[in-house]
Structure formats: structure tokens, C-alpha cells
Amino acid sequence: MAKIRYLLFDLDDTIYTDTTGLFVEVKGRIEGWLSQALEISLEHAKTLRSAYYRAYGTTMSGLQHHHPEANINAYLEDVHRVDVSRYLRPNPALAELLGRFSVEKVIFTNATTDWAERVLQQLGVRDCFSQIVDVRAVDYVSKPFPEAYQRLLARLNVPGEACVLVDDQVRNLKAGAEFGMRTILVRAGVLPEDGVEFAVSDILEIGPILEELLPL
């Protein structure tokens, strides 16, 4: 079995669980952007956002498939134009947990680097991560599409077996498992299944699993 060299963390709803209203605002911005850019009603935009997320994993991927004329960079910039300090607070317990493990930690997100930087800084854990691999870094391919993982691994120059993926989406973990990644689901009320090796209700519960997988 390959030595674990990277811990890969999803960002939204993994590093933090949104119970504050942050993603209510983000979803509203997504729907508003769709309504304006595609010249559709707000109700139609809400339906599209939900449908694209279910089908493709992100609204962005739905736009790429069905509206290739859409300005994806403008979309990404606009929907993430949110003051995260209104919603998030420092999480010293998370910083302590991440600091216990010397293996390199990377954010692997379908969002943008700027968004990840602001969220991590607000949580007080930016220094725990060596790098951020955002959707632009993998050529605008979102998880769970295999190309996103291929490009991530090429960037890190390691096989999937050298990585642990921590994510809140089962489909993202199953895609990672196809590359040999060890997988940890962060979601309340969900049990391990094929492609999901471990499951916890909160990011702060991953310590014992990492102790099993990694040397301290």
C-alpha cells in the first residue's frame, strides 16, 4: 500500500458546515446570475440551479454543458462575491486537529482560490494548507468528473493511492476511490458504502481515522 503523502480536503460543507446562512446567500447569487445572464425568470433559474447541481455536481458544469456561451469566469467571480466574515468565525479546534498531522494538506475545491483563501483565513486555518487546487487549476472541470482528479494528481505528481480525500459528497468520494484514494465522508447520518471507506458527522471527528491512516 502506498504511503499517504497528501490529505485532500473539500472546502464548503466539509472544512466547515454551513448552518449560518452563508450558502443561502451564495445560492441566491447563483440564481440571480442565471436569471440575468440567461434572460430567464428567477423561478426558472432556481429550477435550473437545482437540476444542474443534481446532474453535474455544480451549476458551473451545467452551464458548460448547456450554455457554452456563458462567461464562466464572470459567473465564478459574481457568485462568490460574499462577505464570509458575516457568517464564519475562527475554529481553533480545527486548527489544532490539522496541526497534529505533519502530512501535506491541500484544499481541492470546485470553487475558486480567492473564495477558499477568504474562507480559510476567516476560519483561522489557512496556514494548515500548503496549497489550494481550485476549479481553474484543473481547467474548469468540477468534481466528480474523472478529469478533475487526473489533473489534480498530475499537479501533485502522485498516484491516487498516496492521497486521502475528505469530502461531504458521496459521488465525489466514489470518483476519488476509482483512482485509489482513501475516502472519508463528512456528513451527518450517512454510513460508509462502496467508495466511502469512513464516515463522520463533523470534520472534528476525523482525528481517530487519520491516526489509523497516518503516522503522527
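Residues are numbered from 1 along each chain as its sequence is written, and side-chain values use heavy atoms, with hydrogens and water left out. Because the model is predicted, local features need pLDDT of at least 70 and side-chain atom pairs count only at pLDDT 80 or more, while totals for chains, interfaces and linings use all residues.

**Aromatic pairs**

A search of the whole structure finds five aromatic pairs, where rings of Phe, Tyr and Trp (its six-membered ring) pair if their centres lie within 6.5 Å, and planes under 30 degrees apart count as stacked, over 60 as edge-to-face and the rest as tilted. One of them is the edge-to-face pair of Phe9 and Phe129, with 5.7 Å centre to centre and 85° between the planes. This pair links distant parts of the chain, since Phe9 belongs to strand S1 (residues 6–9) and Phe129 to the loop between helix H6 (113–123) and strand S3 (131–133), 120 residues apart. Helices (H or I, at least four residues) and strands (E, at least two) are DSSP runs, numbered from the N terminus. Phe9 is buried at a relative accessible area of 0%, and Phe129 is buried at 5%; buried means under 20% relative accessible area, exposed over 50%, and partly exposed in between (1.4 Å probe, protein chains only).

The rings of Tyr149 and Phe179 are stacked, because their centres are 5.8 Å apart and their planes are at 15°. Tyr149 lies in helix H7 (residues 146–156) and Phe179 in the loop between helix H8 (170–177) and strand S5 (182–186), so the pair ties together parts that are 30 residues apart in sequence. Tyr149 is buried at 0% relative accessibility, whereas Phe179 is partly exposed at 22%. Ring pairs also link Phe108 with Tyr149 and Phe179 into a cluster.

**Charged groups**

The count comes to 15 salt bridges, each being a side-chain nitrogen of Lys or Arg within 4 Å of a carboxyl oxygen of Asp or Glu. The table includes three of them.

| Salt bridge | Closest N and O atoms |
|---|---|
| Arg118 and Asp114 | 3.1 Å |
| Lys143 and Asp167 | 3.0 Å |
| Glu197 and Arg182 | 2.6 Å |

Arg118 and Asp114 are four residues apart in helix H6 and therefore separated by about one helical turn. Lys143 and Asp167 are both buried, and Asp10 joins Lys143 and Asp167 in a network of salt bridges. Glu197 is partly exposed at 34% relative accessibility, while Arg182 is buried at 17%.

The charged end of Lys143 also sits over the ring of Phe108, 4.9 Å from its centre, and that of Arg171 sits over the ring of Tyr53, 5.0 Å from its centre; the criterion is NZ of Lys or CZ of Arg within 6 Å of the ring centre and within 35 degrees of the ring normal.

**The largest pocket**

The largest pocket has a volume of about 730 Å³. On a 1 Å grid over the protein atoms alone, a pocket is an open set of points where a 1.4 Å probe fits, with protein on both sides within 12 Å along at least five of seven lines, and lining residues have an atom within 4 Å of a point. Of the 31 residues that line the largest pocket, Asp12, Phe23, Tyr53, Gly57 and Thr58 are the closest to its centre. Helix H1 gives the most to this lining, with five residues.

Key:
Grid points are joined across faces, edges and corners, and a volume is the space filled by probe spheres set on the points.
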